[in-house]
Amino acid sequence: GCLMEFTDLQVALTDLLEAARHTMRTELTSVWLPIQLVLIGLAALIARAISIAIHRRADFVSLTMGWPPVMRMIIRALVNHLTLIAFIIVLTIIRASIRAEVDQPRTYLMLVAVNLTTAWLLINVVTSVIHNQFVNRVVTISIWTIAALSILRLLEPVTATLDAPAVTLMIGGLRVTPLLVLKTTALLLVTLCLQAG
């Protein structure tokens with residue numbers, strides 16, 4: 001039984017990796033590649049302009065005066081990365097607009113740019129709030145892993161596999177899966193570090 005399930009899992013993973021390889025090959029040879037590169041550059045310029053305008057108009061130190069220390073740290077980290085936040089928002093809007101208006105557009109590279117920037121932003125915000133080196137390393141690895149799986153379009157299949165009945169334990173009526181264990185551990189680590197801070 002277990003051997004059969006392991007073989008099925010291997011076949012599924014091989015199929016997923018082949019699909020990911022095909023996607024990458026298709027996207028990188030498309031006429032949409034230079035168009036996406038130009039739009040990514042345009043989004044970066046717009047994001048920079050938005051960030052400069054917000055910094056000139058708003059005093060975030062005064063606005064967050066009297067807030068809890070953890071909230072102030074999070075806001076400070078977000079303010080320090082306003083360009084990244086604006087870039088994610090602007091590029092997401094551009095991508096959504098193209099997908100709504102154009103028939104069968106190629107926007108994969110833009111999605112990759114959004115995913116990588118979001119991962120970078122999350123890592124920078126979390127590591128600026130949580131000063132425990134071990135937790136920072138775990139968070140960094142976790143976020144990059146999720147981003148990589150998302151880019152390769154493997155996130156949903158991997159999540160489904162970790163949450164599958166084949167790997168489920170029933171403990172006192174509670175359904176325990178590897179996905180639940182990972183989520184619970186991550187939540188506990190973050191909560192403990194925030195309380196310690």
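**Helices, a ring pair and a surface patch**

Reader: How many residues does helix α5 have, and how far does it reach?

Author: In this predicted model, helix α5 (residues 82-101) has 20 residues and spans 28 Å from its first C-alpha to its last, close to the 28 Å expected at 1.5 Å a residue.

Reader: Which residues of α5 are buried?

Author: They are L82, A86, F87, I88, V90, L91, I94, R95 and I98.

Reader: And what covers them?

Author: The cover includes helices α2, α3 (60-63), α4 (69-80) and α6.

Reader: New topic. How many aromatic pairs does the structure hold?

Author: It holds 1 aromatic pair. W120 and W144 form it, with 6.4 Å centre to centre and 40° between the planes, which makes the pair tilted.

Reader: Where do the two sit in the chain?

Author: W120 is in helix α6 (residues 108-129) and W144 is in helix α7 (residues 133-151). They are 24 residues apart, so the pair links distant parts of the chain.

Reader: What is the relative accessible area of W120?

Author: W120 has 44%, and is therefore partly exposed. W144 also counts as partly exposed, because its relative accessibility is 33%.

Reader: Which residues form the nonpolar patch on the surface?

Author: L42, I46, I50 and I54, with about 270 Å² of accessible area together. One of them, I46, lies in helix α2 (residues 32-57).

Reader: Why does I46 count as partly exposed?

Author: Because its relative accessibility is 34%, and partly exposed runs between under 20% for buried and over 50% for exposed.

Key: Residues numbered from 1 in each chain as written. Predicted model: local features only at pLDDT ≥ 70, side-chain atom pairs only at ≥ 80, totals over all residues. Heavy atoms only, no water. Phe/Tyr/Trp six-rings, centres within 6.5 Å; stacked < 30°, edge-to-face > 60°. Helix = DSSP H or I, 4+ residues; strand = E, 2+ residues; numbered from the N terminus. Buried < 20%, exposed > 50% of the residue type's maximum accessible area, 1.4 Å probe, protein only. Patch = residues over 30% accessible without salt bridge, like charges linked within 9 Å, V, L, I, M, F, W, Y side chains within 5 Å. Areas by Shrake-Rupley, 256 points an atom, 1.4 Å probe, with all protein chains shown as cover. Salt bridge = Lys/Arg side-chain N within 4 Å of Asp/Glu carboxyl O. Expected span 1.5 Å × (residues − 1). Contact = heavy atoms within 4.5 Å.
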